[in-house]
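User: I'm new to this one, and I'd like to know what stands behind each label you use. Could you walk me through it?

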Amino acid sequence: MKSIDPNLYIGISNKRYEEVRSRGEYEADSILIAEYYRRVGVLLQFMNKDSAFIFLGMSRLINKEPILDYDNLLTICPNLKDINLTIIKAICFNYLEWCCLIDNGNPLAIKYHDIYEPIIKLFERGGGQISIHHSDLVGGFGAFPRSISASRGDMKEFDISDSALELEIKGIEHAEVYLKEYLQDRDVTSTCIRCGKKLLIQENQSVAGAWYKIKCETEKCFDDNFSSYYFK
Ligand SMILES: [Zn+2]
C-alpha cells in the first residue's frame, strides 16, 4: 500500500479512461476486482451476512467500533495524500484496520489475512479513475455492483498472479491486432496465444455500430467482445 504511486493518479478525473490504461490492462483490473469480491463473499458467508457495501471495512464485521482514527492513514501512508479518489483512500484505510486486527492476533483476520490483496494490488498497478456512480463501482474496467453479495464467494478463485494478469493483457492486445488486420482483409487468420488453436471473429451489428466477438476454438479459452470504435 505504501508503494501506491500518487503520480499514477494525478489529474485522473480529467482524463478519459482510454488515455490512462489499455483495454487489456482494464481487463486485468476487472479480474482483480472480481477476486476481491469473491474473497469478501467467502468471509460474508462465514459471517452469515448477505452483502456488504463496498466502503464497509471488513474489520467492522468483527469489531463494531473503529480501530484506528482516519487521520492515521495519511501519517502511515503519506503517498496517498495527493490521490483524489475517495474509494482508494477508504479501502486503504479499511485494509489498515484489518492489518491491526491481524497484529492483535484476531483469529478471523488471521484466517482471511489476504482478503484485501487483490484490490490493493489493483491500486498499486494504477487502476485509473474508480468511482461510485448510482449503485455501481465504475471505471475503465466496466462496472461492478457497489454492494458485494455473499454469493460471490461461490465463484471459482481467479488467478491474480502477475503472470496470469500479463497473459490476460497480452491476449487482449493480440486480439486487437488481429481485429485491426481483419478489418483490412477478411481473409486474414490468427491463432490463440494460449493454446495455438484458431481464433474466430464474429461480426455483429448494434445501434451503436459494429462489434466483434473474438473467440478461441478451444472451449472456455479466449472469448471477448470488441468494438471497432478503438480503431477509428
Ligand atoms: Zn485458446
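User: What makes the link between the side chains of aspartate 224 and arginine 23 a polar contact?

Analyst: The side chains of aspartate 224 and arginine 23 are joined at 2.8 Å. A polar contact is a pair of N or O atoms within 3.5 Å; within protein, one must be able to donate a hydrogen and the other to accept it, and residues adjacent in sequence count only if both atoms are side-chain atoms. So 2.8 Å falls within the 3.5 Å limit. Bear in mind that this is a predicted model, where local features need pLDDT of at least 70 and side-chain atom pairs count only at pLDDT 80 or more, while totals for chains, interfaces and linings use all residues. Residues are numbered from 1 along each chain as its sequence is written, and side-chain values use heavy atoms, with hydrogens and water left out.

User: Why is the pair of arginine 23 and aspartate 224 also called a salt bridge?

Analyst: That label needs a side-chain nitrogen of Lys or Arg within 4 Å of a carboxyl oxygen of Asp or Glu. The closest N and O atoms of arginine 23 and aspartate 224 are 2.8 Å apart, so the pair meets the 4 Å rule. In general, side chains of opposite charge can pair when their charged atoms come close.

User: Is aspartate 224 called buried or exposed, and why?

Analyst: Buried means under 20% relative accessible area, exposed over 50%, and partly exposed in between (1.4 Å probe, protein chains only). Aspartate 224 has 12%, so the word is buried. You'll find aspartate 224 in strand β8, residues 223–227; helices (H or I, at least four residues) and strands (E, at least two) are DSSP runs, numbered from the N terminus. Leaving aside neighbours within four places in sequence, aspartate 224 is in contact (heavy atoms within 4.5 Å) with residues including Glu27, Ile172 and Tyr212.

User: Which domains does the chain have, and how far apart are their centres?

Analyst: The assignment gives domain 1 (6–154) and domain 2 (162–231), and such bounds come from an automatic or database domain assignment. The C-alpha centres of domain 1 and domain 2 lie 30 Å apart. Ten residues from domain 1 and eleven residues from domain 2 take part in the contact.

User: What does the area buried between domain 1 and domain 2 come to?

Analyst: About 980 Å², with carbon and sulfur atoms giving 60%. Buried area is the accessible area (1.4 Å probe) that two parts lose on being put together, summed over both. The rule also finds two salt bridges across the interface of domain 1 and domain 2. On the side of domain 1 that touches domain 2, α2 (23–46) and α7 (117–125) are the elements that give two or more residues. There α2 gives the most, with seven residues.

User: How do you know that α5 has about the span expected of a helix?

Analyst: The expected span is 1.5 Å times one less than the number of residues. Helix α5 (residues 86–103) has 18 residues and reaches 26 Å from its first C-alpha to its last, close to the expected 26 Å. Of those 18 residues, 13 are buried, so α5 is mostly covered by the under-20% rule.

User: What covers the buried residues of α7?

Analyst: The cover includes α2, α5 and α8 (162–184). Among the buried residues in α7 are Pro118, Ile119 and Phe123.

User: Why are glutamate 166 and lysine 170 said to be about one helical turn apart?

Analyst: Because glutamate 166 and lysine 170 are four residues apart in helix α8. Their side chains meet in a salt bridge at 3.4 Å, N to O. Glutamate 166 is partly exposed at 37%, and lysine 170 is partly exposed at 41%.
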